[in-house]
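Reader: Can you walk me through this one? I'm new to reading structures.

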Amino acid sequence: KRWPCSDGDAVEIGAFRLVFQDSAGEGRSASDGSEGGTEGAATGSERLSAMASIDLSMKNAAPPADSSVDLQRRLYASYEIAQAADRGLILVSDQATGEIRQGAVRQRSGGDPNGIKVSDTSLERVLQSREAVLCLDTQADGRFQASQSIVDMNIRSMMIAPMVFRDRVFGAIYLDAQHRVARFESDDLDLLTVAAAQVAAALAVAELHGQVVKQERMAAMGETVAGLSHCIKNILQGVTTGSYLVDLGLKTGDIERIDKGWQVVRKKNSFMEELVWDLLTLSKPREPTYEPVALNELCE
């Protein structure tokens, strides 16, 4: 839910207290980070002044200067990224094939998520070097002037950060800005690099969890096969015993012995039939049928 800020409003985040001041503070100048017309520069100046006027302080005690400045810088960089970025996506690398696929996609215009194209040259450079890339102005940066995809998409500024965890590259996070008055700064790249590392760590944990689940499933399958082998062996032994009694009764003409042996065979055959149906039920996904029940009886 959105709530307009007024002068003196305070927001508490953990141990920090953010106080919004309506007066202009000591922020960057209107010309810093903009090369467009006066209208865009004025808008950027208003945003920068508003963010620079936010004061950080502890609720009960003053924090160390370094932590306060660092948090203010990160909050400011997050705000600037949100304002400048037009499109962003997470690119995930398939470790088996090396193929790059799109993960989460966000764009301000709300267009087709599959329509976002990333410069192959830039992406390959980031994945191989494992270093983030920042382009302040694609039109002036010689590294990207030859990239037709960047020209066709009218990208003004862009940055890509690799998702690296330990010695493995999981992919990259890509952000771009298409407006002339908006561009990313080095602080934005620092924050994106930290975010990319966090995403890579989360992907590594998810993959490890998947491996553990797979190992547990394989172990369960091994235990199931061992149990099935023992169960089937007992059934076959019963069938063998019953067949022996039937054969002996046929040779001696003992109807009572034939009937006794046949009952054993029928019983073991019923066990085998129930086992096969249980296996079929287990191997196929089943949709449960819901119905009202007496909860106490079900628990008992």
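Author: Let's start with a term. Two strands pair if DSSP finds at least two bridges between them. Helices (H or I, at least four residues) and strands (E, at least two) are themselves DSSP runs, numbered from the N terminus.

Reader: Okay. And where does the model come from?

Author: This is a predicted model, where local features need pLDDT of at least 70 and side-chain atom pairs count only at pLDDT 80 or more, while totals for chains, interfaces and linings use all residues. Residues are numbered from 1 along each chain as its sequence is written, and side-chain values use heavy atoms, with hydrogens and water left out.

Reader: How many helices and strands does the protein chain have?

Author: The protein chain has 7 helices and 8 strands.

Reader: In what order do the strands of the open sheet run?

Author: The order is β5-β4-β8-β7-β6. That makes 5 strands in an open sheet, with antiparallel pairing. At the edges are β5 (100–107) and β6 (133–135), each pairing on one side only. From one strand to the next, the twist averages 15°. For angles, axes are lines fitted to C-alpha atoms, for helices over the stretch in contact, and angles run from 0 to 180 degrees between N-to-C directions.

Reader: Which helices pack on that sheet?

Author: Helix α3 (residues 120–129) is one of them. α3 touches β4, β5, β6, β7 (157–165) and β8 (168–177). The direction of α3 makes about 35° with that of β7. α5 also packs on the sheet, touching β6, β7 and β8. The direction of α5 makes about 35° with that of β7. Contact here means heavy atoms within 4.5 Å.

Reader: Back to the strands. How many bridges join β7 and β8?

Author: β7 and β8 pair over 9 bridges, in the antiparallel sense.

Reader: What about β4 and β5?

Author: Strand β4 (residues 87–93) pairs with β5 over 6 bridges, again antiparallel. Arg 87 has Gln 107 in β5 as its bridge partner.

Reader: Is β7 enclosed or open to the outside?

Author: β7 is largely enclosed by the rest of the structure, because 7 of its 9 residues are buried. Buried means under 20% relative accessible area, exposed over 50%, and partly exposed in between (1.4 Å probe, protein chains only).

Reader: What percentage of the protein chain's residues count as buried?

Author: Of its 300 residues, 28% count as buried.

Reader: What sits between β7 and β8?

Author: β7 and β8 form a hairpin, with 2 residues between them. Arg 166 is in that turn and has a positive phi of about 60°. Arg 166 counts as exposed because its relative accessible area is 71%.

Reader: Where else does a non-glycine have a positive phi?

Author: Arg 130 has one too, about 60°, although it is not a glycine. Arg 130 lies in the loop between α3 and β6. Its relative accessible area is 39%, so Arg 130 is partly exposed.

Reader: New topic: helix α6. Why does its length make sense?

Author: Helix α6 (residues 255–283) has 29 residues, so at 1.5 Å a residue it should span 42 Å. Its end C-alpha atoms are 42 Å apart, which agrees. The expected span is 1.5 Å times one less than the number of residues.

Reader: What caps the N-terminal end of α6?

Author: Asp 254 does. A side-chain oxygen of Asp 254 lies 3.2 Å from the backbone nitrogen of Glu 256.

Reader: Which residues of α6 are buried?

Author: Ile 258, Gly 261, Val 265 and Leu 275 are buried in α6. What covers the buried residues of α6 includes α5 (186–252).

Reader: Last one. How many disulfides are there?

Author: A search of the whole structure finds 0 disulfides. A disulfide is a pair of cysteine sulfur atoms within 2.5 Å. Cys 5 is partly exposed, at 49% relative accessibility. Cys 299 is exposed, at 63%.

Terms used. A polar contact is a pair of N or O atoms within 3.5 Å; within protein, one must be able to donate a hydrogen and the other to accept it, and residues adjacent in sequence count only if both atoms are side-chain atoms.
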